[in-house]
Amino acid sequence: MNTTWQERTGAPLESNVVLLLWSFTVSAYPLGGLTGAVVAGPMAIMLGRKMSLLLNNVFVIVAAALSGFSRRAKSFEMIMLSRFFTGVNAGVSMNIQPMYLAESAPKKLRGAVALTSASFTALGLVLGQVVGLRELLGGEESWPFLLASNVVPALIQLTALPWFPESPRYLLIDRGDKESCISALQKLRGTSDLSAELEEMLAEQAAVEGQRAKNPWELFQNPSLRWQLVSIVVLSSAMQLCGNDSMYFYAAYVFQEAGIPRDKIPYVVIGTGSCELITSVTCNMIIDYAGRRPLLLGGYIFMAGWAIVFMVALSQQTQISWMPYLSMACIFAYILSFGIGPAGVTGVLPTEVFDQMSRPAAYMICGSLLWFNLFLVGTAFPFIVKSLAHFCYIPFLVVCVCTALYVGFFLPETKGKSFLEISEEFKKRNFKTKTRAGFYKGPEEIKTTTL
């Protein structure tokens with residue numbers, strides 16, 4: 001930035017201005033993600049799940065073009081815009097992809113299918129770490145190609161996704177097109193015996209008949225969605241406030257203290273991303289057998305335990321010779337614990353606990369919290385480190401413990417259940433709350449399947 005500015009004006013930038021511009025560049029990505037999360041809901045409703053994903057690739061193609069030509073144009077502003085559009089693409093896809101996959105999957109495989117979104121996100125992280133090595137695209141001359149390489153998955157999706165059908169539930173419940181729904185199911189299942197699954201979808205359609213797609217603020221106003229909303233707020237916030245991303249902040253320092261040469265650290269850091277990929281794939285394989293609650297509960301309990309060990313290891317880093325190795329083990333263990341549950345299961349739950357009319361708005365809330373908290377942690381963590389030093393993981397420890405308690409006591413299991421069965425289970429909780437508060441109006445409310 002300083003070199004570009006000096007070439008333009010003949011005068012260098014002051015150090016505080018360089019820091020400010022760098023902060024804007026870093027913040028552009030979560031800001032774009034927040035924007036994408038907000039527009040994802042209306043896109044999913046008006047355009048459908050499939051068309052929204054196809055259109056979303058425009059953002060990343062524009063971002064790749066901006067970053068790819070930024071050096072030739074001598075414009076750091078193009079990099080800022082590139083990061084913003086990349087964030088928009090991520091915000092939209094992280095909301096609509098799990099929605100599309102879960103709505104299209106059979107009940108028994110819904111968790112595994114929807115979780116593939118998290119697995120490929122982890123794969124993208126590892127690939128980014130690999131191609132970012134100095135020997136590949138991380139060198140001085142090739143970094144524009146590194147920033148523009150995110151166009152590759154967009155081109156793959158633009159080539160492959162048109163051959164896949166739209167979400168059957170969207171076709172039937174949102175558009176009322178039963179024939180297209182049956183055609184989509186036949187393509188996805190490869191069988192003509194669809195009576196049981198179609199009957200289940202027709203029951204869902206009847207449950208929301210006469211309703212329109214809800215806005216996010218309407219979810220907060222609806223008492224019958226109270227526990228569903230609390231659940232996604234808690235879990236979506238915890239996903240960023242648990243401290244997993246901050247482990248990457250400490251990785252280079254801990255590896256250096258463990259005696260790893262500075263020029264070899266980027267190769268070791270690839271191992272952290274590989275841990276998340278391995279556990280994400282493992283979670284994908286076992287989620288429909290183990291269930292959602294055990295994976296979430298185990299993930300947060302293990303993270304809480306490793307956070308304590310990590311803080312102790314950091315405090316003794318310079319006193320005991322083998323402590324840097326324990327700190328290094330804690331980083332890998334923490335990321336493994338995050339990947340086995342919270343990383344993937346959190347994105348699946350909004351599809352399962354909300355009905356068709358509430359689902360896009362729920363993902364808007366979920367995604368907005370995720371991106372806002374990412375920005376919050378990124379901004380606040382340096383100050384937390386400065387204030388608490390080696391005990392900087394105490395706030396994350398509190399988040400992990402509180403989230404584990406919530407999952408253990410309040411979150412119902414959704415494994416192998418239809419969307420209506422899950423709605424009925426939450427309805428009992430919501431009406432139980434209303435009974436205690438004195439708002440119960442009679443048995444006729446329990447009989448309806450409308451949320």
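**Surface patch, annotated spans and helix contacts**

In the predicted model, a nonpolar patch on the surface is formed by Met46, Leu47, Met51, Leu55, Val58 and Val62, which together have about 510 Å² of accessible area. Helix α3, spanning residues 49-68, supplies the largest share of this patch, with four residues. Leu55, one of the patch residues, is placed in helix α3.

Residues 112-131 are 100% helix and 0% strand, and the C-alpha atoms at the ends of the span are separated by 28 Å. For residues 326-349, the chain is 96% helix and 0% strand, with a distance of 34 Å between the end C-alpha atoms.

Helix α6 (residues 110-131) packs with helix α15 (residues 265-290) at an angle of about 170°, and the two axes lie 8 Å apart. Because angles over 145 degrees count as roughly antiparallel, α6 is roughly antiparallel to α15. Classified by residue type, the contact between α6 and α15 comprises 14 nonpolar, nine polar and three charged residues.

Charged pairs were also considered. Side chains of opposite charge can pair when their charged atoms come close. With a cut-off of 4 Å between a side-chain nitrogen of Lys or Arg and a carboxyl oxygen of Asp or Glu, the count comes to twelve salt bridges. Among them is the pair of Glu200 and Lys107, whose closest N and O atoms are 3.7 Å apart.

Definitions and conventions
Residues numbered from 1 in each chain as written. Predicted model: local features only at pLDDT ≥ 70, side-chain atom pairs only at ≥ 80, totals over all residues. Heavy atoms only, no water. Axes fitted to C-alpha atoms, helices over the stretch in contact; angles between N-to-C directions. Helix = DSSP H or I, 4+ residues; strand = E, 2+ residues; numbered from the N terminus. Parallel < 35°, antiparallel > 145°, perpendicular 65-115°, else oblique. Nonpolar A, V, L, I, M, F, W, Y, C, P; charged D, E, K, R; others polar. Patch = residues over 30% accessible without salt bridge, like charges linked within 9 Å, V, L, I, M, F, W, Y side chains within 5 Å. Areas by Shrake-Rupley, 256 points an atom, 1.4 Å probe, with all protein chains shown as cover.
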